[in-house]
Every structure is written in structure tokens, then in C-alpha cells.
Amino acid sequence: RWQKIFMIPLWSKMAVFWNKMFLTIIVLLIVLFLDAVREVRKYSSVHVNEKAANINSSAFDHIQMKLFRSQRNLYLSGFSLFLWLVLRRTVTLLTQLAKEMASHAALETQVNDATEAAKKYMAENERLQEALSGQGSDKKKESKEATQEKLKEEVEYLKAELQKTSTAFQKAKNEVAAVKKQSDGVRREYDHLMKEYERLQ
């Protein structure tokens, strides 16, 4: 509630002049208090002297009235000064408390979010561990055997493919050798024909 009150725009405008206002009122109250103390001392000494001198009652009543007023001013200024300091301290503490409560609420929301996220992650972790442990005991062996069988089949298939490619490569090599021999024969025949042609010319 105090935080809402202090968030009113009027307070933010007054906050700039708050320290100056406070110091001004403190100085004024101190001056009034000291003046009241001086008046009380003055009229107390006059009261004692007049009482000792036994003067007429109207003057004595007048001095008592002035003494009463100065004492009243002393009490009023003293209590006002004290209460003004208490008010300043109370406002400062309320402002600090409001800020701390706001930061505490923000920290509580952060902590709650963090704990919820941690609980969620822990639950997921437990679920994954249970799934892995459940599958691991029964299905590990089956998965290993299945992978081994697949690997064996792949090795056999690759061996067969390698045999096929090696035979195809050998056949191609033989064909290349035969074509090479044939091309050598054709070249020799061509050279022979060229010589015959030259001779006929």
C-alpha cells in the first residue's frame, strides 16, 4: 500500500525538493525551540525575582502568563522537532521496505520459475533414464544381435559385390589387352598398305 502511495507522481515531483524542505523545516524548528528555551529561562529567572520581591499580583500574573506561553512554545517546538525527525525516519524506512518487498517479490517469482524448470527437467531426466534402463536390459542383447546379423549380411553382400567387380575388372582388362593387340595388328597392316601404296606410285 505504501509503495502504491509513494508511486503517485506528486511524490516523485516532491522528492527533488524533499531534502531541502526537510532541512528548512528542521532549521526553523530548531530556531523556534532555542527561542522557546531562551524565553523559558528568561521568564523563570524573572518569576523567581518577582516572587522574592513580593510585587503586586497583576504583574506577577502577567509574568506567569508569559512563562506559561514560553513553556508551551518550548514543548510544542520540541515535540514538533522530535516528531518531524521521526516522520523523516519513518518515510525513509517505508520507502526502503517497499523497494525491498518489490525486489523480494521479483526474486520469489524468479526462484519459483527456476524450481519449476528444474522439476520439469528432473522429471524428464528420470523418464529418460527409466526408458533407457527398461530398454537396456531386455533390448540391448536383441539390438546387439540384430546389428551383428545386419553387419554380417552387409559383409557378405560387399564380398559378393567385390567378387563381381573383380571379375568384371579382369574381363575388362582382358578385353583391353585384346583390343590393344588388335589395334597393333591394324597399325601394322596400315603401315604395310602405305608401303605398298608408295611402291605402286
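Arg199 and Glu196 are 3 residues apart in helix H3, so about one helical turn separates them. Glu196 itself is partly exposed, because its relative accessible area is 28%. In another part of the chain, Asp35, Arg38 and Glu39 are joined into one network by salt bridges that share partners.

A word on ground rules. This is a predicted model, in which local features need pLDDT of at least 70 and side-chain atom pairs count only at pLDDT 80 or more, while totals for chains, interfaces and linings use all residues. Residues are numbered from 1 along each chain as its sequence is written, and side-chain values use heavy atoms, with hydrogens and water left out.

Now for the overall layout. The protein chain has 3 helices and 0 strands, giving the pattern α-α-α along the sequence (helices are DSSP runs of H or I with at least four residues, strands are runs of E with at least two, and numbering goes from the N terminus). Of its 201 residues, 11% count as buried. The accessible surface comes to about 17500 Å², and carbon and sulfur atoms own 62% of that (Shrake-Rupley method with a 1.4 Å probe; for residues, only the protein chains shown count as cover). Take the contacts between residues at least 6 apart in sequence, and 76% of them join residues at least 24 apart (contact means heavy atoms within 4.5 Å).

Ser70 is a handy example of a buried spot. This residue lies in helix H3, and it counts as buried because its relative accessibility is 2%. Leaving aside residues up to four places away in sequence, Ser70 touches Ala36, Glu39, Val40 and Tyr43.

Back to the salt bridges, which number 5 in total. In helix H2, which covers residues 9-53, Asp35 and Arg38 are 3 residues apart, so they are separated by about one helical turn. Their closest N and O atoms are 2.9 Å apart. Asp35 is partly exposed at 35% relative accessible area, and Arg38 is partly exposed at 44%.

Tyr75, Phe79, Phe82, Leu83 and Val86 form a nonpolar one, with about 550 Å² of accessible area together. Phe79 sits in helix H3 and is exposed at 54%. The charged patch is negative and gathers Glu142, Glu145, Glu149, Glu153 and Glu154 (Lys and Arg count as positive, Asp and Glu as negative, with His and the chain ends not counted; each charge is placed at NZ of Lys, CZ of Arg, CG of Asp or CD of Glu). Glu145 belongs to helix H3, residues 57-200, and counts as exposed at 52% relative accessibility.

Technical notes:
Patches are made of residues with over 30% relative accessible area and no salt bridge: like charges are joined within 9 Å, nonpolar side chains (Val, Leu, Ile, Met, Phe, Trp, Tyr) within 5 Å. A salt bridge is a side-chain nitrogen of Lys or Arg within 4 Å of a carboxyl oxygen of Asp or Glu. Buried means under 20% relative accessible area, exposed over 50%, partly exposed in between (1.4 Å probe, protein chains only).
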